[in-house]
Amino acid sequence: MQLHDVWFVLIAVLWTGYFFLEGFDFGIGVLTKLLARDRGEKRVLINTIGPVWDGNEVWLLSAGAGTFAAFPEWYATLFSGFYLPLLLILVCLIVRGVAFEYRVKRPEERWQRNWEHAIFWTSLLPAVLWGVAFGNIVRGVKIDAHKEYVGGLLDLLNPYAILGGLVTLTLFTFHGAVFASLKTVGDIRERARRTAGVVGLIAAVLALGFLGWTQADKGDGSSLIAMIVAVVALVAALGANRIGREGWAFACSGITIAAAVAMLFLTLFPNVMPSTLNESWSLTVSNASSSPYTLKIMTWCAGIAAPLVMLYQGWTYWVFRKRIGTQHIAESH
């Protein structure tokens, strides 16, 4: 295995970690409208991710930086061709972070309500857009002989990509509901479990259609195994949620996300961005990568930094592992 293959795997791992962690982040944001009945319960939901949401975004920064350094041609074509959707995601992530911090800075009802709307929409839109983006990456886009995207915005809104967006939205919401049931006590915990059961069934139907479509169009034996793991894990998550085993349900919903992302990258390899105009114009791990020397330096840096980041993030989750409920929330502002 050459270094550009290694870095393709590492970038796949970074995106898997991002969707696993930020997935329940986005789900919690969506659930502030679907699950919470009052401001106290919204604060409970937000506080379940309060200590960790910004750390989860480190995985996105690492995936983007890794792509830029290891596969500059991929990065350039992706960010120029998907400029508007990625810009919208970036704006949502910025506004979302501000909303978490500013929501309780003033006591006025309108102030807090507007920031709560912002949390909901800036969680929902990225959850959809990431699915649309990866759906297009796997399906292929209009790339010419100069490795430039020559399609338009409407080309990205095809049925396969839109289905991918619906899958990520429902799967992240299910993941968030399971996380909420794992991290809360009282009535909100029970309602989170019931919400997870309903949303999980919708996610299962959509995911089966999307993954089946992917397998039929581009899959092989390894992607089929990943698809089976994803489906079995999702069924197991629904079953564990039904009998109240929240820890197992969360682990299985995370495995579902990891296996689904792995399947997408398995169907993509050795391409990183297929061309629908001419297969020979596709970006691959070899023609889009940096020099071997650059990849070697990056590998040493990643080998030192990645374990430290993971240890710190794991310690953060351990410190803030206890459940919370409305009785643990200070008097609402």
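Here is a short walk through a predicted model, stop by stop.

Before you click, note that residues count from 1 along each chain as its sequence is written, and side-chain values use heavy atoms, with hydrogens and water left out. Local features need pLDDT of at least 70 and side-chain atom pairs count only at pLDDT 80 or more, while totals for chains, interfaces and linings use all residues.

**Stop one: helix 5.** Select residues 72-81. Helices here are DSSP runs of H or I, at least four residues long, numbered from the N terminus. Colour Trp74, Thr77, Leu78 and Gly81, which are buried (under 20% relative accessible area, with a 1.4 Å probe and protein chains only). Now look down the axis: these buried residues fall within an arc of 95°, so they line one face of helix 5. That arc is taken from the directions from the helix axis to the C-beta atoms.

**Stop two: the rings.** Rings of Phe, Tyr and Trp (its six-membered ring) pair if their centres lie within 6.5 Å; planes under 30 degrees apart are stacked, over 60 edge-to-face, and the rest tilted. That rule gives 29 aromatic pairs. Pick Tyr18 and Phe19: their centres are 5.5 Å apart and their planes at 50°, so this pair is tilted. Tyr18 is buried at 0% relative accessibility, and Phe19 is buried at 6%.

**Stop three: across to helix 7.** Phe19 sits in helix 1 (residues 3-34) and Trp130 in helix 7 (residues 109-139), so the pair ties together parts 111 residues apart in sequence.

**Last stop: the cluster.** Select Phe8, Trp15, Tyr18, Phe19, Phe26, Trp130, Phe134, Phe172, Phe265 and Phe269 to see one aromatic cluster.

Note on methods. Buried < 20%, exposed > 50% of the residue type's maximum accessible area, 1.4 Å probe, protein only. Helix = DSSP H or I, 4+ residues; strand = E, 2+ residues; numbered from the N terminus.
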